[in-house]
Amino acid sequence: MTAPGPADSRRTAASPIFNLAWLFYLLLAATAVVWIGMRRNATIDGALFFDPSRWWIDLGLGLGAGVVLIALWELGGRRFASARGFEELLRGLLGSLDTTQAIGLALLSGFAEELFFRGAVQGAWGLWIATALFAALHTGRDRGLWVWTIFALLAGAAFGGLALWTGNLLAAMVAHVLVNAINLTRLTRRSEAAPAV
């Protein structure tokens with residue numbers, strides 16, 4: 001048995017909330033697959049996810065939208081103390097994540113939420129209901145979380161608009177994953193720099 005090296009000592013266990021988030025997103029994705037399958041008579045094909053003739057355009061749209069949303073959150077963080085408070089709350093709930101864990105959670109959450117909200121809910125009930133439900137999921141009992149809910153409302157409308165415009169989920173998923181990956185990785189770096197949460 002070897003002694004743990006520097007890389008091992010930096011990896012810390014994620015909180016139980018992190019593990020619960022993985023379970024939640026897997027269940028959300030499974031629910032979306034069942035819902036979409038029932039609505040489409042059990043035919044879920046690649047066209048739901050991307051258009052082979054223009055996938056690079058949708059990829060670019062998703063990256064561009066993600067960058068705009070990240071900039072919007074950064075501006076909100078500078079302007080509103082509640083945005084910074086939300087980041088502190090999220091950092092405390094998730095515990096110490098390393099970059100790999102943060103990116104893995106971003107990939108799963110972006111994929112699962114887009115499959116559910118844009119693929120299933122928006123496909124069945126329309127853009128505005130999907131956007132409202134998406135914002136409702138991103139809320140909490142603390143009145144200081146309002147900025148997170150407003151941001152989720154704007155982001156949900158952007159993701160929904162991308163799905164409508166492109167006719168598939170690629171751009172929305174790319175934008176969502178990028179926003180989550182950048183923000184979760186940034187939270188990870190801040191917690192490494194200042195371990196006292």
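Predicted model: local features only at pLDDT ≥ 70, side-chain atom pairs only at ≥ 80, totals over all residues.

Residues are numbered from 1 along each chain as its sequence is written, and side-chain values use heavy atoms, with hydrogens and water left out.

**Stop 1: Phe18 and Trp22**

Select Phe18 and Trp22. Both lie in helix α2 (residues 16-39), four residues apart, about one turn of the helix. Helices here are DSSP runs (H or I, at least four residues), numbered from the N terminus. Rings of Phe, Tyr and Trp (its six-membered ring) pair if their centres lie within 6.5 Å; planes under 30 degrees apart count as stacked, over 60 as edge-to-face and the rest as tilted. The count comes to 13 aromatic pairs by this rule. The Phe18 and Trp22 ring centres are 6.4 Å apart with planes at 65°, so this pair is edge-to-face.

Now colour by accessibility. Buried means under 20% relative accessible area, exposed over 50%, and partly exposed in between (1.4 Å probe, protein chains only). Phe18 counts as buried because its relative accessibility is 8%. Trp22, at 29%, counts as partly exposed.

**Stop 2: Phe117 and Phe134**

Select Phe117 and Phe134 next. They form an edge-to-face pair, 5.3 Å centre to centre, with 80° between the planes. The pair links distant parts of the chain: Phe117 is in helix α5 (residues 99-125) and Phe134 in helix α6 (residues 127-137), 17 residues apart. Phe117 is buried at 5% relative accessibility, and Phe134 is buried at 2%.

Then show Arg118. Its charged end sits over the ring of Phe134, 4.6 Å from the ring centre (the rule: NZ of Lys or CZ of Arg within 6 Å of the centre and within 35 degrees of the ring normal).

**Stop 3: α5 against α6**

Show both helices. α5 and α6 pack at an angle of about 140°, with axes 7 Å apart. Axes are lines fitted to C-alpha atoms over the stretch in contact, and angles run from 0 to 180 degrees between N-to-C directions.

**Stop 4: Ile70**

Finish at Ile70, in helix α3 (residues 55-79). Ile70 is buried, at 13% relative accessibility. Which residues does Ile70 contact, leaving aside its neighbours within four places in sequence? Leu178, Val179 and Ile182, where contact means heavy atoms within 4.5 Å. The C-alpha atoms of Ile70 and Ile182 are separated by 7.7 Å, with the residues 112 apart along the chain.

Conventions: Helix = DSSP H or I, 4+ residues; strand = E, 2+ residues; numbered from the N terminus.
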